[in-house]
Amino acid sequence: MTKGIEMGLRINKLLIIVVVYCLPIYSFAAERIVSIGGSITEILFELELQNKIIAVDTTSLYPPSVKSMQNVGYMRALAAEPIIALNPDLILYQDGSGPAETIEKLQAAGMNVIKISHEPSVEGVVNKIQEVSHAVDKVTQGEALVSRIRNELVQLEHFLSDVETSARVMFVLSFDESSALVAGSETGANGIISMAKAENVANGFSSYKPLGAEAIVELAPEFVVTTHRAVKSIENEADILDLPVLQLTPAARNDRLIVMDGLLLLGFGPRLATAANELAKALYSTK
Amino acid sequence: MSAQSLSIVISKLHQKRILTIILLVCFLFVSIVLGLAVGPLKIPALNTINILLDILNPFISNSHDHVQETVISSLRGPRVVLGVVTGAALAVSGACFQSLFRNPLADPGVIGVSAGAATAAVVYIVLGQGVMISLFGFAPKYALPVSAMLGALLAVVVLYLFVNRRGGIEVATLLLAGIALNAFCGSVTGILVFISDDQQLRELTFWTLGSLARAQWDSVIPVCILLIFVISILISKGNALNAFSLGEAEAYHLGFDVKRIKRSIVIFGAAAVGAAVALTGIIGFVGLVVPHIVRLLLGADNRYVLPASAIAGGGLILIADLFARIAVQPAEMPIGVITSLIGAPFFLYLLSRRRHLGLSI
């Protein structure tokens, strides 16, 4: 048996030599990627690696063609064995995916697991793109994507340069008759609102909180921003401002409702600058 | 009926019970094998057998495919062990509570013990984790199951203080106090859901729907040792519980120390549930349905019902977990959904077949 181990060691040594020798020529390009996190998937599409993705998670919804891909479930409720069974050579997961035990198990099984940072800010998106493009060996394409985004942000800055007073905005994730789920500080919505040089009126609390009509009157938003998905159940988009929960706000008085694609607005992926531009135009073009 | 023919009937009954228990052991064995051999990753049967033989025999170590070996030894292995002991703990404590309270609806959930454990876990996730991180700079891995166990214990202590006022446990008060405790825990969880973030919310779902997916050897082994100890104590109370089903006064006159037995069943039952819930979250229906199925097969004699419930509970959880793992591949379902989905209709079917569930009230 010791012989067997010796032989194994020798073969291993040989393998290491071969691999080291080949490194400068061949650097790792993943062929079977599992992408966990909507923005990571978007970045992989931007890097034209869509054919290398074998599975995504439920937060990956853009571009629409991901919907036909295998799905490993929600990013925070992953199971280890099914992912192993897909035989991936690279698993990219957004920071905060889990549970932690699943990630540990994937690592224990020898999977190539790479964590990608997630920070809802411009620099966060840049870091994310750089980390993903490093992991898939597409550094140049990644840099090109980053500079494209930076260009778009310069345009945005130019557009916003003559805005003097920032608009008071409330972002609503979902509605019913008597309450609205409003984005506080430390949310993606808060980040995109400040990028568009506006003020989030609900920055007194963190994450999303359901607020009643009185609390919303108190906040007095000039604009209500929401997603297509939130207004799906309501026939006429404009009727939203007549809901009891919103009707007493300045936004309702002046009929200022902005409905955007939620994935675009909150995704914090490669379309970040596009989203901020779109929001800024909706807020300030009318002036 | 002559004495001779009566003794034949009794020995036939005994044979039938032994045979049933042997069949249940076979069922458990088959479900363990299935739990280890079947999953999203297709591993050839021969490889599975080889890997298992190697794990059981530390003197041989052949080289196996690393991925297959890890999947069997550190993914499916701890999961199956946790499933067996959790199922056994839930089913046995359910059977004990049903007999002790002489109530066919009693189960660890009803008296609020599961809810106490899950609520403590939820409190830890939403509030405690942050405190731990600000105190020590990290969140200790054991803190979550430990707080779940403390929650179960706290629930039992509260129940006990309310119910044990006049020197004995009043069964009716215990059930009502359990309902109050459940309601209280439910609203605490509700408040925490309100203030939790997305990540915490997901963990809360884990605790309220149950899952074996988090099983890892380092946490499964201590819980497993504890549960085996507690389950054996509960099983040893079969005779006393038989006397209890006649009534407390009758049990007393039969020479049982009624107070002491009540106390030890409530405490050990709670410990069993707390330890099980600590690693898996709330898995519904097992504690309720398994003892009833076993009674239909074996009759109401607790000397048989308790061990048979342990065996059947373990097997049933493993089968449910198998569904949880392969139903929505490559994702996974919470096992509590499956146990209730299969358990509830099956229970109704049993009810329609036989109104009387072999447990007299």
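Trainee: How many helices and strands does chain A have?

Mentor: Chain A has 11 helices and 11 strands. Helices are DSSP runs of H or I with at least four residues, strands are runs of E with at least two, and both are numbered from the N terminus. This is a predicted model, in which local features need pLDDT of at least 70 and side-chain atom pairs count only at pLDDT 80 or more, while totals for chains, interfaces and linings use all residues. Residues are numbered from 1 along each chain as its sequence is written, and chains are lettered from A and ligands numbered from 1 in the order in which they are written.

Trainee: What makes α3(B) and α12(B) roughly perpendicular?

Mentor: The axes of α3(B) (residues 66–100) and α12(B) (residues 286–298) cross at roughly 70 degrees and come within 7 Å. Axes are lines fitted to C-alpha atoms, for helices over the stretch in contact, and angles run from 0 to 180 degrees between N-to-C directions. Angles under 35 degrees count as roughly parallel, over 145 as roughly antiparallel, 65 to 115 as roughly perpendicular and the rest as oblique. α3(B) and α12(B) are therefore roughly perpendicular.

Trainee: Which residues of α3(B) and α12(B) meet?

Mentor: On α3(B), they include Gly87(B), Leu90(B) and Gln98(B), and on α12(B) they include Val286(B), Leu288(B) and Pro291(B). Contact is assigned if C-beta atoms, placed from the backbone, lie within 7 Å. By class, the residues of the contact between α3(B) and α12(B) are seven nonpolar, five polar and no charged. Here Ala, Val, Leu, Ile, Met, Phe, Trp, Tyr, Cys and Pro count as nonpolar, Asp, Glu, Lys and Arg as charged, and the others, Gly among them, as polar.

Trainee: Why is Phe285(B) called buried?

Mentor: Phe285(B) has 23 other C-beta atoms within 10 Å, so it is buried. The cut-offs are 20 or more such atoms for buried, 12 or fewer for exposed, and partly exposed in between. Phe285(B) lies in the loop between α11 (258–280) and α12 of chain B, and has a positive phi of about 75 degrees although it is not a glycine.

Trainee: Why is Asp137(A) called partly exposed?

Mentor: Asp137(A) has 16 other C-beta atoms within 10 Å, so it counts as partly exposed. Asp137(A) is in the loop between α5 and α6 of chain A and has a positive phi of about 60 degrees, again in a residue that is not a glycine.

Trainee: What makes Trp217(B) partly exposed?

Mentor: Trp217(B) has 13 C-beta neighbours inside 10 Å and therefore counts as partly exposed. Trp217(B) belongs to helix α8 (residues 217–235) of chain B. Leaving aside neighbours within four places in sequence, Trp217(B) is in contact with Ser74(B) and Pro78(B).

Trainee: Which residues have the most contacts inside the largest nonpolar core?

Mentor: They are Ala89(B), Val92(B), Ala117(B) and Ala272(B), in a core of 183 residues. A nonpolar core is a set of buried Ala, Val, Leu, Ile, Met, Phe, Trp, Tyr and Cys residues joined through C-beta atoms within 7 Å. The largest share of this core, 17 residues, comes from α3(B).

Trainee: How do you know that this core lies between domain 1 and domain 2 of chain A?

Mentor: Both domain 1 (33–157) and domain 2 (168–284) of chain A give residues to this core, so it lies between them. The bounds come from an automatic or database domain assignment. The C-alpha centres of the two domains of chain A lie 27 Å apart. In contact are 19 residues of domain 1 of chain A and 14 residues of domain 2 of chain A. α6(A) gives the most to the side of domain 1 that touches domain 2, with six residues.

Trainee: How many residues of chain A are in contact with chain B?

Mentor: 23 residues of chain A are in contact with 20 residues of chain B. On the side of chain A that touches chain B, α3(A) gives the most, with six residues. That side has 13 nonpolar, six polar and four charged residues.

Key
Contact = placed C-beta atoms within 7 Å.
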